[in-house]
Amino acid sequence: MSEASELECSICLEPYDTGVRAPMIVPCGGMHGLCTSCVAMLKMDDSAEFKCPQCRETIENTARINQNRGLMAALQALEKKQAVAVEAVQPVERTPDAVT
């Protein structure tokens, strides 16, 4: 699996983020990763169970689906780094009074 595919949901192929596309781990044998939005769509059905979209293992609809904490921490660190980089690039406004 390539590095890029590790950073995107295997169902919708959207990149993970710290919001509606946060990485989640399905409690199947393969511990497959999906985004929060795709997990919500799988659980939307009123049935008592759903199948992992990757391995097709049956999972109880009440099963706990946890966030992928390691990937979430990496995404948060990346967002923080990007915010600092954007601040560093923004030009400083000069007022006419500041000209000497």
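Contact means heavy atoms within 4.5 Å. Axes are lines fitted to C-alpha atoms, for helices over the stretch in contact, with angles running from 0 to 180 degrees between N-to-C directions. Helices (H or I, at least four residues) and strands (E, at least two) are DSSP runs, numbered from the N terminus. On these terms, H2 lies across S1 and S2 and runs at about 90° to S2.

The model is predicted: local features need pLDDT of at least 70 and side-chain atom pairs count only at pLDDT 80 or more, while totals for chains, interfaces and linings use all residues. Residues are numbered from 1 along each chain as its sequence is written, and side-chain values use heavy atoms, leaving out hydrogens and water.

**Sheet**
- Three strands form an open sheet in the order S2-S1-S5, with antiparallel pairing; two strands pair if DSSP finds at least two bridges between them.
- S2 and strand S5 (66-67) are the edge strands, each pairing on one side only.
- Strand S1 (residues 23-25) is joined to S5 by two bridges, and these strands run antiparallel.
- Met24 has Gln67 in S5 as its bridge partner.

**Nonpolar core**
- A nonpolar core is a set of buried Ala, Val, Leu, Ile, Met, Phe, Trp, Tyr and Cys residues joined through side-chain atoms within 4.5 Å. Buried means under 20% relative accessible area, exposed over 50%, and partly exposed in between (1.4 Å probe, protein chains only).
- The largest such core has 15 residues, and Cys9, Tyr16, Val26 and Ile59 have the most contacts inside it.
- Strand S2 (33-35), helix H2 (36-43) and helix H3 (69-89) each supply at least two residues of this core.
- Not counting residues up to four places away in sequence, Val26 touches Met31, His32, Leu34, Cys52, Ile59 and Ile65.

**Cysteines**
- A disulfide is a pair of cysteine sulfur atoms within 2.5 Å; by this rule, the count is zero.
- The sulfur of Cys12 is too far for a bond, because the closest cysteine sulfur, in Cys9, is 3.8 Å away.
- Cys38 is likewise in no disulfide, the nearest cysteine sulfur being that of Cys35 at 3.7 Å.
- Cys12 is partly exposed, with a relative accessible area of 25%, whereas Cys38 counts as buried at 5% relative accessibility.

**Positive phi in loops**
- Met31, which is not a glycine, has a positive phi of about 50° and lies in the loop between S1 and S2.
- Arg56, a residue other than glycine, has a positive phi near 70°; its place is in the loop between strand S3 (49-51) and strand S4 (58-60).
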